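Open the model in your viewer and keep the selection tool ready. We will go from stop to stop.

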Amino acid sequence: GWPEAAVAGALGLALAGPRQYGDTMVEDAWMNRSGRKQATADDISRALRLVVAANVGLAGLIAVCAVVRYFA
């Protein structure tokens, strides 16, 4: 839900929406309905870079919190 919507907005893609799984049709709403509806290989690379950047930022925040707690 929320992480998928954040990625949709960051990449300018419309994700989720109506789709079919085998014989079952799922009528979900679009996330970022104004974005492009077709993802490309470049979008996958951009999404992976976004995930890495978010995790590096989180690791940095955790490290800062640990240092502050250690010296406090």
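Select R19. R19 is partly exposed, at 25% relative accessible area. Buried means under 20% relative accessible area, exposed means over 50%, and partly exposed lies in between (1.4 Å probe, protein chains only). The side chains of R19 and D28 meet in a salt bridge, 2.9 Å from N to O. A salt bridge needs a side-chain nitrogen of Lys or Arg within 4 Å of a carboxyl oxygen of Asp or Glu. D28 is partly exposed too, at 35% relative accessibility.

A word on the model before the next stop. This is a predicted model: local features need pLDDT of at least 70, side-chain atom pairs count only at pLDDT 80 or more, and totals for chains, interfaces and linings use all residues. Residues are numbered from 1 along each chain as its sequence is written, and side-chain values use heavy atoms, with hydrogens and water left out.

How many salt bridges are there by this rule? The count is 3. D43 is buried, because its relative accessibility is 3%. R36 forms a salt bridge with D43, with the closest N and O atoms 2.8 Å apart. R46 forms a salt bridge with D43 as well, at 2.9 Å between the closest N and O atoms. Shared partners join R36, D43 and R46 into one network. R46 and D43 both lie in helix α2, 3 residues apart, about one turn of the helix. Helices (H or I, at least four residues) and strands (E, at least two) are DSSP runs, numbered from the N terminus.

Next, select K37 and W30. The charged end of K37 sits over the ring of W30, 5.0 Å from its centre. That label requires NZ of Lys or CZ of Arg within 6 Å of the ring centre and within 35 degrees of the ring normal.

Move to N32, in the loop between β2 (24-31) and α2. N32 has a positive phi of about 65°, although it is not a glycine. A16 has a positive phi of about 70° and is not a glycine either.

Last stop: Y70 and F71. A search of the whole structure finds 1 aromatic pair. The ring centres of Y70 and F71 are 5.0 Å apart and their planes stand at 90°, so the pair is edge-to-face. Rings of Phe, Tyr and Trp (its six-membered ring) pair if their centres lie within 6.5 Å; planes under 30 degrees apart count as stacked, over 60 as edge-to-face and the rest as tilted. Y70 is exposed, at 66% relative accessibility.
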